[in-house]
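My entries follow in the order I made them.

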Amino acid sequence: MDYLDVTLSEQALNAVSNLGLAHIGDCVYELLVRTYLLCGGERTNRRLHAATVAYVSASAQAAAMEKLLPHLTEVESAVYRRGRNAHVHSVPKRADVADYHAATGLECLFGWLYLRGEHQRVNELFQIVIGGADNAT
């Protein structure tokens, strides 16, 4: 199996829990952010880390989700809601509860798209997040 290019069947994908989708989506989203920053010229580890944290915090992900909502299909919106409504066991001290739930929904969406093998759609949505909405959808 090529773990960088995974495509699960609908049956296998439906068997993944909401938080399982968010778990992989967190990695997918952070990889996109890190790649974007590195390709954008950030070179020092300190600056890369600080910039990454600014993009992947719960509040930043909640803001990103607000940008994405008008661009989602009905199915993608349902996946987002599935993640947003997931029962999380704890919320970090620095995170607002609503932002944390929205961030979990974003991660669930990105994880779901990744596991479906929809890399182009992942990139389209990420372009909207970083301000390149003219190039998306």
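**Aromatic pairs**

I searched the whole structure and found 4 aromatic pairs. I count rings of Phe, Tyr and Trp (its six-membered ring) as a pair if their centres lie within 6.5 Å; planes under 30 degrees apart are stacked, over 60 edge-to-face, and the rest tilted.

I looked at Tyr-29 and Phe-126 and found an edge-to-face pair, 5.9 Å centre to centre with 80° between the planes. This pair links distant parts of the chain: Tyr-29 sits in helix α2 (residues 18-39) and Phe-126 in helix α7 (residues 119-129), 97 residues apart. Helices here are DSSP runs (H or I, at least four residues), numbered from the N terminus. Tyr-29 and Phe-126 are both buried. My cut-offs are under 20% relative accessible area for buried, over 50% for exposed, and partly exposed in between (1.4 Å probe, protein chains only).

Next I took Tyr-36 and Tyr-55. Their ring centres are 6.0 Å apart and their planes are at 75°, so I logged this pair as edge-to-face. Tyr-36 is in helix α2 and Tyr-55 in helix α3 (residues 45-56), so the pair ties together parts 19 residues apart in sequence. Tyr-36 is partly exposed at 33% relative accessibility. Tyr-55 is also partly exposed, at 25%.

I then traced the ring pairs onward. They link Tyr-29, Tyr-36, Tyr-55, Phe-110 and Phe-126 into a cluster.

**Basis of the entries**

The model is predicted: local features need pLDDT of at least 70, side-chain atom pairs count only at pLDDT 80 or more, and totals for chains, interfaces and linings use all residues. Residues are numbered from 1 along each chain as its sequence is written, and side-chain values use heavy atoms, with hydrogens and water left out.

**Cysteines**

How many disulfides does the structure hold? I found 0 disulfides, taking a disulfide as a pair of cysteine sulfur atoms within 2.5 Å. Cys-27 is in none; the nearest cysteine sulfur, in Cys-108, is 14 Å away. That distance is too far for a bond. Is Cys-108 buried or exposed? Cys-108 is buried, at 0% relative accessibility. Cys-27 is partly exposed, at 45%.

**Helix α4**

I listed the buried residues of helix α4 (residues 58-68): Ala-58, Gln-61, Ala-62, Ala-64, Met-65 and Leu-68. They cover an arc of only 160° around the axis, so they lie on the same side of α4. I took that arc from the directions from the helix axis to the C-beta atoms. An α-helix has 3.6 residues a turn, so residues three or four places apart point the same way.

Which helices do the buried residues of α4 pack against? They pack against α2, α3, α5 (74-84), α6 (97-115) and α7. Contact here means heavy atoms within 4.5 Å.

I also checked Ile-128, which is in helix α7. Ile-128 is buried at 3% relative accessibility. Ile-128 and Ala-64 are 64 residues apart in sequence and 8.3 Å apart in space, C-alpha to C-alpha.

**Thr-104**

I found Thr-104 in helix α6. Thr-104 is buried, with a relative accessible area of 4%. A polar atom of the Thr-104 side chain lies 2.9 Å from the backbone oxygen of Tyr-100. Leaving out residues up to four places away in sequence, Thr-104 touches Leu-19, Ala-22, Gly-83 and Val-88.

**Salt bridges**

My search of the whole structure gave 5 salt bridges. The criterion is a side-chain nitrogen of Lys or Arg within 4 Å of a carboxyl oxygen of Asp or Glu.

Glu-10 and Arg-116 meet in a salt bridge at 2.4 Å, N to O. Glu-10 is in helix α1 (residues 10-14) and Arg-116 in the loop between α6 and α7, so the pair ties together parts 106 residues apart in sequence. Glu-10 is partly exposed at 43%, and Arg-116 is partly exposed at 26%.

Arg-116 also forms a salt bridge with Glu-118, with the closest N and O atoms 2.5 Å apart. Glu-118 is partly exposed at 25%. I noted Glu-10, Arg-116 and Glu-118 as linked in a network of salt bridges.

My last entry is Arg-121 with Glu-76, a salt bridge at 2.8 Å, N to O. Arg-121 is in helix α7 and Glu-76 in helix α5, so the pair ties together parts 45 residues apart in sequence. Arg-121 and Glu-76 are both buried.

Key. Helix = DSSP H or I, 4+ residues; strand = E, 2+ residues; numbered from the N terminus. Polar contact = N/O pair within 3.5 Å; in protein donor to acceptor, adjacent residues only side chain to side chain.
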